[in-house]
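Biologist: I'd like to learn how to read salt bridges and cores in a model. Can you walk me through them?

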Amino acid sequence: MEFGISFAFQPIIDVESRSVLAYEALVRGTEGQGAGEVLARVNERNRYAFDQICRVKAVKLAAKLNMQTALSINFMPNAVYQAEYCIRTTLAAARTYNFDTRRIIFEVIEAEALTSAEHLTSIIDTYKEMGFQVALDDFGTGFSRYNLLVASPPDLLKLDMGLIRDVDHEPNKQAVICGIITMMQKLGGRIIAEGVETEAEYAWLRDQGITLFQGYLFAKPGFEHLPEPWYPSES
């Protein structure tokens, strides 16, 4: 099956250094169609091919745009039958387009139902051994895999935007996020607050010590370009 895909890029910013940590590659159609339209064509038969095509095209476009930051690529754990073999296409693309593999972050979609946690742990361990950073996406709702955090803590953990929304005046969400912050501090990883849309949300999260942010407040995804983010002023 042919996949007509491209990417939009959204920055993940570090508000302390006022710099872009990475750009997340968000799949789009070739005319900018949304991810939902593209992903609706993915099924069990073509999932592996889709995953591989996405990796190659994300690296190719990042290199074309002269991306100097890290590139964050989402991957489908169910499409990875054996990490060391499935990564070969990504490595080949990085060599072809002269993109430093040390600047690749792999994001696993935390809510994806997996046949086994052991399979995901083995993928993450292999990627980390090969020098890639690993991020766990959408954490805090749905399939929150605390067993994965015990077995193989990720370098980065992205708070689900459902937790972020209106966090400045929802005490229950605040309690959950504070617990996750403490947990990640002890595990040695960093938290990214994803989906931040208001300055009030940002202010509360920043007061808790979070420094990495992503969301419409800072920059909307840029189709086939790297948008410049807005940085909040530090008081």
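Biologist: Which side chain does Glu16 meet in a salt bridge?

Modeller: A salt bridge is a side-chain nitrogen of Lys or Arg within 4 Å of a carboxyl oxygen of Asp or Glu. Here Glu16 meets Arg206, at 3.7 Å from N to O. The pair links distant parts of the chain, 190 residues apart, with Arg206 in helix H9; helices (H or I, at least four residues) and strands (E, at least two) are DSSP runs, numbered from the N terminus. This is a predicted model, where local features need pLDDT of at least 70, side-chain atom pairs count only at pLDDT 80 or more, and totals for chains, interfaces and linings use all residues. Residues are numbered from 1 along each chain as its sequence is written, and side-chain values use heavy atoms, with hydrogens and water left out.

Biologist: Is Glu16 buried or exposed?

Modeller: Buried means under 20% relative accessible area, exposed over 50%, partly exposed in between (1.4 Å probe, protein chains only). Glu16 counts as exposed because its relative accessibility is 57%, while Arg206, at 18%, counts as buried.

Biologist: Which residue does Glu194 bridge to?

Modeller: Lys158, with the closest N and O atoms 3.2 Å apart. That joins strand S7 to strand S6. Shared partners put Glu24, Glu107, Lys158 and Glu194 into one network.

Biologist: And how many residues are in the largest nonpolar core?

Modeller: A nonpolar core is a set of buried Ala, Val, Leu, Ile, Met, Phe, Trp, Tyr and Cys residues joined through side-chain atoms within 4.5 Å. The largest has 59, and Phe7 and Val196 are among those touching the most other members. Helix H2 gives the most to this core, 6 residues.
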